[in-house]
Amino acid sequence: MSSRVEWVVDTVTAPLVGAEQVGVSDIADAIDRHLQGIEWDIAIFVTDLPRRAKLYPISVEVDREHRAAMISLPALGSRRLRRRVREAVVDIVRQLVTQEDAVQHSEVIGRPPHEAVPSTDAAADTTRRYVVPGLRGHIRLVAGMVRANRPWRLFGSLSRGMAGVFATATVLFMNTATWTLATQLGAWRQAVIMAVAALALTAWIIIDHGLWERADDLPDRHNPLYPYNLVTLLTIALAVVVLAAVLFAVLVAVSFLLLTTPALQRFTGRPAGADDYVSLAWFITSIAMVGGAFGTSLETHDQVRDAAYGQRQRARQRQLKERSERTDDGTDTPPSSPGR
């Protein structure tokens with residue numbers, strides 16, 4: 001590209017994408033209607049919507065006729081995402097300007113699929129797709145979708161769940177019977193209790209709030225188990241791990257601050273060390289997960305979904321809910337929009 005060319009880049013954020021299989025040309029047409037009077041030479045759409053060609057995760061789709069392209073962030077993975085997006089943009093712009101098919105960052109955007117795949121895109125003949133094949137592609141897709149859900153923010157948005165966790169932890173911490181029991185359990189028992197508590201809380205949230213998708217609620221073109229249920233499971237599980245880590249760190253600090261060694265020795269019947277404080281915090285963290293389960297039960301389904309999912313996944317969940325309600329009312333009709 002010539003250094004004498006002046007590039008003007010405009011950024012627009014708009015909630016336009018709602019279907020997994022929508023094509024780049026459809027998005028380009030929607031942008032034309034949305035941004036009437038604004039001229040552009042090259043358009044690059046960046047979305048956190050996961051896209052697939054059969055089982056291949058689609059990373060980039062380039063439409064030379066419309067001089068537009070779409071980057072699906074989940075297919076780029078969860079690590080070094082900004083750098084990968086920049087490299088993908090460089091490859092896309094080079095293709096649209098020079099009409100060359102070769103890419104410089106194939107490790108980022110992958111390759112064209114070896115076999116033809118069905119497309120709902122009206123301009124499929126002029127569209128070039130790039131997929132990330134193999135196990136690496138599926139791992140990157142799932143990791144990218146989990147990242148878009150931001151699991152580390154889940155419990156921060158659920159006030160009742162947090163209240164249940166910390167209220168339970170406070171009651172246990174003030175109970176001297178807890179001190180004795182926690183310091184007498186071995187490490188492997190503590191690990192089993194923690195694992196069971198974390199799995200129970202994860203399952204409770206998913207089942208109690210109906211986050212697990214059923215085949216009857218999905219369009220025929222979707223597989224009910226992949227990748228959305230897997231992403232839901234990992235999102236909630238990671239949120240529980242983050243919650244446990246934060247609570248454990250707080251309890252360790254509080255134990256050393258408020259619980260004196262003589263007081264702990266009095267109830268354990270032996271000299272107390274740092275490992276006893278850690279065991280106490282570990283045990284209380286595990287049992288407090290039960291309080292978290294009761295707390296999350298007081299949250300509404302919409303509150304949990306908004307906390308658990310990213311924007312695109314929330315939009316998809318609303319579509320599935322509306323579809324299920326129409327089916328229950330007997331008013332459901334065959335979908336006509338792309339990807340539905």
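1. Glu87 is buried, because its relative accessibility is 14%. Buried means under 20% relative accessible area, exposed means over 50%, and partly exposed lies in between (1.4 Å probe, protein chains only). A salt bridge here is a side-chain nitrogen of Lys or Arg within 4 Å of a carboxyl oxygen of Asp or Glu. Arg83 and Glu87 are four residues apart in helix 2 (residues 81-98), so about one helical turn separates them.

2. A word on the source: this is a predicted model, in which local features need pLDDT of at least 70 and side-chain atom pairs count only at pLDDT 80 or more, while totals for chains, interfaces and linings use all residues. Residues are numbered from 1 along each chain as its sequence is written, and side-chain values use heavy atoms, with hydrogens and water left out.

3. Now the overall picture. The protein chain has twelve helices and five strands. Helices (H or I, at least four residues) and strands (E, at least two) are DSSP runs, numbered from the N terminus. The chain has 340 residues, and 45% of them count as buried. It exposes about 18000 Å², with 58% of that supplied by carbon and sulfur atoms. These areas come from the Shrake-Rupley method with a 1.4 Å probe; for residues, only the protein chains shown count as cover. Take the contacts between residues at least 6 apart in sequence: 74% of them join residues at least 24 apart. Contact means heavy atoms within 4.5 Å.

4. Arg94 and Asp91 meet through their side chains at 3.3 Å, N to O. They sit three residues apart in helix 2, so about one helical turn lies between them. Both Arg94 and Asp91 are buried. Elsewhere, salt bridges that share partners join Arg51, Glu61 and Arg129 into one network.

5. Look at one link of that network. Glu61 forms a salt bridge with Arg51, and their closest N and O atoms are 3.1 Å apart. Glu61 lies in strand 3 (residues 56-63), while Arg51 lies in the loop between strand 1 and strand 2 (52-53). The two are ten residues apart. Glu61 and Arg51 are both buried. The structure holds five salt bridges. Side chains of opposite charge can pair when their charged atoms come close.

6. Strand 1 (residues 43-47) has two faces to compare. Ala43, Phe45 and Thr47 make up the covered face, and Ile44 and Val46 the uncovered one. In a regular strand the side chains alternate between the two faces of the sheet. Strand 1 pairs with strand 4 (residues 68-72) in the parallel sense, over five bridges. Two strands pair if DSSP finds at least two bridges between them. Val46 stands opposite Ile71 in strand 4.

7. Which residues have the most contacts inside the largest nonpolar core? They are Leu154, Phe155, Leu201, Ile236 and Met289, in a core of 39 residues. A nonpolar core is a set of buried Ala, Val, Leu, Ile, Met, Phe, Trp, Tyr and Cys residues joined through side-chain atoms within 4.5 Å. Several helices each supply at least two residues of this core, among them helix 7 (187-208), helix 8 (228-258) and helix 10 (274-297). A second, separate core of 14 residues includes Ile71, Leu96, Val108 and Tyr130.

8. The search of the whole structure finds two aromatic pairs. Rings of Phe, Tyr and Trp (its six-membered ring) pair if their centres lie within 6.5 Å; planes under 30 degrees apart count as stacked, over 60 as edge-to-face and the rest as tilted. Trp204 and Phe294 have ring centres 6.3 Å apart and planes at 55°, so this pair is tilted. Trp204 is in helix 7 and Phe294 in helix 10, 90 residues apart. Phe256 and Tyr277 have ring centres 4.5 Å apart and planes at 20°, so this pair is stacked. Phe256 is partly exposed, at 45%, whereas Tyr277 is buried, at 5%.

9. Last, check Gly164 in helix 5 (residues 159-173). Gly164 is buried, with a relative accessible area of 15%. Beyond residues up to four places away in sequence, Gly164 touches Gly291 and Gly292. The C-alpha atoms of Gly164 and Met289 are 8.5 Å apart, although 125 residues separate them along the chain.
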